[in-house]
Amino acid sequence: MKSVAGIHLLGFCLAVFVLSSCNKPSYRFTNTDKDAKIKTLGTVEVTARLVEIPDGAIFQRDLYDYAAILKYEVVAVHRGTLEKGTTIYVGHYDPWKPRSKAADQRVKLMGGTLREFRSGSLHHMALETSMDDHYLGGIVDKYFGKHTGPTYWAVWTNAAD
Amino acid sequence: MKTPSHFLITIFLALLLSVPLIQTATEASHGKWPGALEVFQYWPNPANLHAFERHLQDDSLTIQTLRPWIQATQYFALRDAGQQVLIGKNGWLFYQPGISAATQRPHRGESTTADALAAAIHFRDALATRGIRLIIMPAPNKESIYPDQLVSCEPQQHILDEQMRAFLDGCAKANLETVDLFSVYREARRNSPDLLYLKQDSHWSPFGVELAAQAVALRIGASVPTTGLYGHRIVSLTRHGDLVHILRSPVIEAQLAPESITTTQIYRTDTGGSYTDDTGSDVLVLGDSFLRIFEQDEPGSAGFIAHLAQRLGHPVASIVNDGGASTLVRQELSRHPQLLAKTKVVVWEFVERDLRLGTEGWQMIPLPSSH
């Protein structure tokens with residue numbers, strides 16, 4: 001693995017001239033506000049910080065799909081009645097996959113630019129509530145029995161760091 | 001003497017450099033920054049570096065192009081299907097983690113038979129306080145019923161591994177009601193040529209489904225009346241099993257013929273519509289993907305749940321949670337208290353390998369409030 005990374009870095013150095021002749025790149029973590037889907041899908045739209053990723057909440061599961069419940073602190077509310085600073089719990093479908101590759105036959109409406117869940121990162125999300133109304137399937141909930149109130153269902157998740 | 005070695009070194013270096021050069025040029029042609037730059041985006045801790053390496057692999061054009069062909073070569077020439085699948089005889093495929101769970105010592109963090117037994121007793125006792133009866137049905141691993149399709153042994157050989165034997169013994173001692181499909185299937189293999197499991201899938205066949213439903217209906221027995229509410233019709237289908245899909249190789253999938261399956265779909269005789277659950281039923285079925293196959297998957301209403309309903313003569317309620325029958329399905333029950341309002345019998349199915357590998361282990365989950 002390390003050699004692969006090294007090769008890629010070396011390749012990058014050798015190919016700088018290729019880049020210099022290209023149009024301005026559309027960097028994949030650029031302004032998410034230009035994404036129309038984040039503004040139209042779901043009933044709630046927030047920017048929130050992922051508080052933590054509990055041990056075992058996200059893992060690659062080849063045979064079955066699942067959703068994991070993750071804990072967020074709301075940083076900004078764009079749509080809906082949530083308040084800034086609120087702690088919310090959000091279900092993400094097959095969280096080990098990039099959001100752009102998570103949709104499938106079971107959950108057709110799912111996407112976003114987020115590549116990977118990292119503790120402390122900011123996510124711009126379009127959410128539905130409650131999760132039970134939008135998802136039937138395996139749920140890994142490390143907060144089971146530890147919180148009340150609705151669990152939101154993430155329809156679209158963009159990186160917002 | 002130098003020329004050949006220089007030539008080989010040059011070829012070798014060109015091969016090495018071609019991978020990142022192709023990648024960088026491709027990304028540039030799509031107007032993207034090189035993925036290699038991502039290493040500078042996050043603090044270089046172990047988690048971020050692992051993620052970076054994983055992204056390099058996932059995005060690598062070379063890997064994406066070559067992997068399916070290498071996989072196919074390994075599969076067909078070397079009979080190596082990778083880490084998740086074992087190739088058996090006569091087109092049979094087996095789920096490697098299930099075999100590992102039965103043949104290897106427990107790994108750190110895996111559940112034990114004692115955990116499963118304790119959770120089952122806790123669940124039985126909690127249900128009993130509400131006058132609800134619990135019936136437990138472990139679904140055998142495919143390799144427990146068909147070891148002869150994986151290794152050389154007698155065709156009628158049947159495996160009951162140490163953990164499952166200990167679990168069933170523990171259930172007997174604790175007066176937990178169980179349906180022993182291991183015995184049912186052993187008997188069926190002696191008396192019928194019909195397959196109990198699908199060759200390309202980790203789950204049971206339509207015949208295995210019918211025998212399981214029959215065994216559970218018999219166990220529920222006289223406490224539930226039967227009526228002529230349901231009829232059945234034959235539905236044939238062809239499909240690749242989950243053990244083919246898990247390989248994620250279009251090349252292999254294209255080369256393997258899909259499996260032909262004849263299912264029996266259950267329908268209501270009064271409306272002609274396919275079987276559907278009734279959330280107010282007195283029988284609640286909990287389980288994993290063994291309940292999902294043919295029921296929620298194609299052709300629908302031809303799985304264990306519909307067949308059990310047919311044998312009972314009335315609809316049942318169900319919670320199906322792929323790979324989550326050990327704990328997740330009871331957590332889901334806890335979130336849906338209305339499902340227990342009229343329940344008299346709970347049937348709890350889980351696959352044998354979940355004794356060790358059940359997602360979230362075997363937690364004690366309280367029943368939802370009855371109010």
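How many residue pairs are in polar contact between domain 1 of chain B and domain 2 of chain B? Keep that in mind while you load the view. This is a predicted model. The predictor gives the complex an ipTM of 0.81 and a pTM of 0.86. Colour chain B by pLDDT: the average is 92, and 96% of the residues score at least 70.

**Stop 1: the two domains of chain B**

Select residues 44-74 of chain B for domain 1, then 93-357 for domain 2.

Now show the contacts. Four residues of domain 1 of chain B touch six residues of domain 2 of chain B. Together the two domains of chain B bury about 360 Å². Carbon and sulfur atoms give 70% of that area. Pick B:P68, B:Q71 and B:A72 next. These three supply 85% of the area that domain 1 of chain B buries against domain 2 of chain B, more than any other three residues.

Back to the opening question. The count between domain 1 and domain 2 of chain B is one residue pair in polar contact, with both residues at pLDDT 80 or more. On the side of domain 1 of chain B that touches domain 2 of chain B, three residues are nonpolar, one is polar and none is charged. Salt bridges across this interface of chain B number zero.

**Stop 2: a salt bridge between chains**

Over all chains, the structure holds 21 salt bridges. Select B:R335 and A:D141 for one of them. Their side chains meet at 3.8 Å, N to O. B:R335 lies in helix α14 (residues 328-335) of chain B, and A:D141 in the loop between β5 (139-140) and β6 (151-159) of chain A, so the pair joins two chains. Side chains of opposite charge can pair when their charged atoms come close.

**Stop 3: backbone checks in chain A**

Where does A:D94 sit? Look in the loop between β3 (87-93) and β4 of chain A. A:D94 is not a glycine, yet its phi is positive, about 40°.

Move on to A:T129 and A:S130. A cis peptide bond joins them, with omega about -10°. A:S130 belongs to the loop between β4 (122-128) and β5 of chain A.

**Stop 4: a cis bond in chain B**

Finish at B:E298 and B:P299. Their peptide bond is cis, with omega about 5°. B:P299 is in the loop between α12 (289-292) and α13 (304-312) of chain B.

Note on methods:
Residues numbered from 1 in each chain as written. Chains lettered and ligands numbered in written order. Heavy atoms only, no water. Domains from an automatic or database assignment. Contact = heavy atoms within 4.5 Å. Buried area = accessible area lost by both parts, 1.4 Å probe. Salt bridge = Lys/Arg side-chain N within 4 Å of Asp/Glu carboxyl O. Polar contact = N/O pair within 3.5 Å; in protein donor to acceptor, adjacent residues only side chain to side chain. Nonpolar A, V, L, I, M, F, W, Y, C, P; charged D, E, K, R; others polar. pLDDT = per-residue confidence, 0-100. Helix = DSSP H or I, 4+ residues; strand = E, 2+ residues; numbered from the N terminus.
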